[in-house]
Amino acid sequence: MDIKYVKDSYGKLGIDVDAAVKKVGDIPISIHCWQGDDVIGFDGSGSLGDGLATTGNYPGRARNFEELKEDIKFAFSLIPGKKRLNLHACYAVLGADKGKVDRDKYTYKYFEPWVKFAKELGLDGIDFNPTFFSHKMMKNGLSLSSPDEKVRKFWVEHGKACLKITEYIATEMGTPSLMNIWVPDGMKDVPADRLTPRLRLKESLDEILATPYDKKKVVVSVESKVFAVGIESYTVGSNEFYQNYAAKSGVCCLLDNGHYHPLEYVSDKIPALLAFYDKVALHVTRGVRWDSDHVVLLEDELKEIAKEIVRNDATDKVMIGLDYFDASINRIAAWVVGARNMRKALLYALLQPNARMKELQDNAEFTELMWLNEEVKTLPFGEAWAMYLESEKAVGAEWLEQVKKYESKILGERK
């Protein structure tokens, strides 16, 4: 690798490769635990539902806490840079209490093993999600918006419990934790009443957030969605509902780039929200025709998302998390591909002449702006990525051989 050539190539356009390489590894990426077991969890759900689906039956799925820990530890060893762990409440380590305690009664003790594990790995923190799906108390596709007061109360108590758990986690890890609320509530066919379920959802959220919590430790976010399988006609938690709710309640919006129409771009939504919010949360995924949660690839929209984070000096404001699950390929490889691509996109964004391009836009020098945008595309980014890997003493493209060995030795034994 000719480092001088790389630095000179970028330097001609005023780009400091060393500065980009130094900074990119310090941007935390929250990596989701649920890629490792197809979003099954440990609390007895057994299968997905409520608008969620995982396709494929690749061998080696993690079946319990110990196996999932083992897989995460190995996958994280192949992912350079600062990392966080993203947990769902259904990954409670219940032990002897399994079957005796339900989600409305979860406490921090069921997640303390995860905190111990995260500390052992030296992770930057843990983010948390209440699990409002794959449960017997989901009635007719509704949870927090249910007209059944018993159902609604159960899920409100779950939300309150998760808020307390998240605060404990943040205290133990020493960094703020994101608690993201997403509910799959909706209807398969045309509803007769669109307003009342949203009023019930609003009331439920208000009840959850009335629980005292330290806002310096817990960042609460709400996540919208267009539709899901079996919930095609009406989603209670729409984008308009949650953006207004977040503004009213002083919480954060989470943008999942699979949860919008294919011609809506999260990269454009990020700066729109940054104009009004101190924090913006992301679930980065790859939708193919719909919210299909494919493994994140280094595609144009991923690059644009990273550009908007970097060019707006928002690496401390935008909380980056991954959210995809593919059971058709090696699950560890899926983790590694997606996480490394997110890091690559951030490095690509840091290797842009952002200040110069803003100046050209402000001066209406659009010809030169177009020229500059195109020139950057052919600079030796692959070599710059190799420089970053070398700085982290991280494995290069040969990481897949390590995954194959792990599959042969570990995953192949799981029947």
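1. Contact, as the word is used throughout this note, means heavy atoms within 4.5 Å. The structure is a predicted model, in which local features need pLDDT of at least 70 and side-chain atom pairs count only at pLDDT 80 or more, while totals for chains, interfaces and linings use all residues. Residues are numbered from 1 along each chain as its sequence is written, and side-chain values use heavy atoms, with hydrogens and water left out.

2. On that basis, and not counting residues up to four places away in sequence, phenylalanine 111 touches Leu87, His88, Ala89, Tyr91, Ala92, Tyr106, Phe128 and Ile165. Phe111 also belongs to the largest nonpolar core, which has 134 residues and in which Phe111, Trp114 and Met342 touch the most other members. A nonpolar core is here a set of buried Ala, Val, Leu, Ile, Met, Phe, Trp, Tyr and Cys residues joined through side-chain atoms within 4.5 Å; buried means under 20% relative accessible area, exposed over 50%, and partly exposed in between, with a 1.4 Å probe and protein chains only. Helix H10 (residues 331–350) gives the largest share of this core, 13 residues, where helices (H or I, at least four residues) and strands (E, at least two) are DSSP runs numbered from the N terminus. A second, separate core has 6 residues, among them Cys252, Leu254, Ala281 and Met319. In soluble globular proteins, nonpolar side chains tend to be buried together.

3. Helix H13 (residues 381–391) packs with helix H2 (residues 17–24) at an angle of about 50 degrees, their axes being 10 Å apart. This makes H2 oblique to H13. Axes are lines fitted to C-alpha atoms, for helices over the stretch in contact, and angles run from 0 to 180 degrees between N-to-C directions; those under 35 degrees count as roughly parallel, over 145 as roughly antiparallel, 65 to 115 as roughly perpendicular and the rest as oblique. The crossing of H2 and H13 is right-handed, a crossing being left-handed if the near helix is turned anticlockwise from the far one by less than a right angle, and right-handed if clockwise. On the H2 side Val17, Asp18, Val21 and Val24 take part, and they meet Ala384, Met387, Tyr388 and Ser391 in H13. The residues of this contact of H2 with H13 divide into 6 nonpolar, 1 polar and 1 charged, where Ala, Val, Leu, Ile, Met, Phe, Trp, Tyr, Cys and Pro count as nonpolar, Asp, Glu, Lys and Arg as charged, and the others, Gly among them, as polar.

4. H13 also packs with H10, at an angle of about 115 degrees and with the axes 11 Å apart, and H10 and H13 are therefore roughly perpendicular to each other. This crossing of H10 and H13 is right-handed. Arg340, Arg343, Lys344, Leu347 and Tyr348 in H10 meet Phe381, Ala384, Trp385, Tyr388 and Leu389 in H13, and the residues of the contact divide into 7 nonpolar, no polar and 3 charged. The buried residues of H13 are Phe381, Ala384, Trp385, Met387, Tyr388 and Leu389, and their cover includes helix H1 (3–11), H2 and H10. Just after H13, lysine 393 takes a positive phi of about 55 degrees.

5. For helix H3 (residues 65–77) and helix H14 (residues 399–409), the axes come within 11 Å and cross at roughly 160 degrees, and the two helices are therefore roughly antiparallel to each other. Their crossing is right-handed. Glu70, Asp71 and Phe74 of H3 and Gln402, Val403 and Tyr406 of H14 make the contact, whose residues divide into 3 nonpolar, 1 polar and 2 charged.

6. Two residues of helix H6 (residues 195–209) deserve a look, one being glutamate 207 and the other serine 204. Glutamate 207 counts as partly exposed, at 21% relative accessibility, whereas serine 204 is buried, with a relative accessible area of 0%. Not counting residues up to four places away in sequence, glutamate 207 touches Arg152, Lys153, Val156 and Lys160, and serine 204, with its neighbours within four places likewise left aside, is in contact with Leu144, Arg152 and Val156. The C-alpha atoms of serine 204 and arginine 152 are separated by 7.4 Å, although these residues are 52 residues apart along the chain.

7. Isoleucine 27 lies in the loop between H2 and strand S1 (29–32) and is buried, with a relative accessible area of 3%. Leaving aside neighbours within four places in sequence, isoleucine 27 is in contact with Lys82, Thr315, Ile320, Arg343, Leu346 and Leu350.
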